[in-house]
Amino acid sequence: MEEKRAFLANECDFAGVRPIMVDLPYPALRVEGKNPAYANLLSIDYCGAVSELSAITQYINNENRMSCERCPLAKTILGIAMAEMMHLQKLGELIVLLGGDIDFAAKFQNGRKRQWTPEYLNMPDNIGRMIAADIEAEKGAIEQYRMHMKMMNDCYVNAVLARIIKDEEYHIMILRSLEY
């Protein structure tokens, strides 16, 4: 008897997916001067519990888990993840300009460092809860960015953070339209 092989394939084609972000330019990446304290604040946004690295990882995990069943939704989630990747890249450049290091450790004012960990992620078991968790993560990021902007007296850095906030607010709007 001839053995028939069954196979599974993901028919979701991600070609052409673009970052989902507000159609506004980002300010030039510059700083008023070296400032390790500001670099440390941005390290928290870069790879802390509420961070771009956490957002990217959570979105990619969600996209992978839904792509076989909900292709259009998975493409939207991937587009948001791509925008978060751009945020991560911009924060990394700012950290370096401020005199900081990119080592995937959030650096806190008390001198403590915490290496990024997947324990930061919220990975619910169904799509509705995934979207709700993503909305909460976006809200947390906005709140944290606003707090950090109040702590930094660098108009260039704050302009970049304000622009990132616009994308995060847009992501919330998109995600809310997906809730069911």
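Is Gln144 buried or exposed? I looked it up: Gln144 is buried, at a relative accessible area of 14% (buried is under 20%, exposed over 50%, partly exposed in between, with a 1.4 Å probe and protein chains only).

Before going on, I noted that this is a predicted model, where local features need pLDDT of at least 70 and side-chain atom pairs count only at pLDDT 80 or more, while totals for chains, interfaces and linings use all residues. Residues are numbered from 1 along each chain as its sequence is written, and side-chain values use heavy atoms, with hydrogens and water left out.

Back to Gln144. I found it in helix H4, residues 127–151 (helices are DSSP runs of H or I, at least four residues, and strands are runs of E, at least two, numbered from the N terminus). Gln144 touches Ile44, Asp45 and Val50, leaving aside residues up to four places away in sequence (contact means heavy atoms within 4.5 Å).

Next, salt bridges (a side-chain nitrogen of Lys or Arg within 4 Å of a carboxyl oxygen of Asp or Glu). I get seven by this rule. One of them pairs Glu136 with Lys139, closest N and O atoms 3.4 Å apart. Both sit in H4, three residues apart, about one turn of the helix.

Then I checked Glu169 and Arg146, whose closest N and O atoms are 2.8 Å apart in their salt bridge. Glu169 is in H5 and Arg146 in H4, so this pair ties together parts 23 residues apart in sequence. Glu169 is partly exposed at 38%, and Arg146 is partly exposed at 41%.

Last entry: Asp103, Lys107 and Lys113 are linked in a salt-bridge network.
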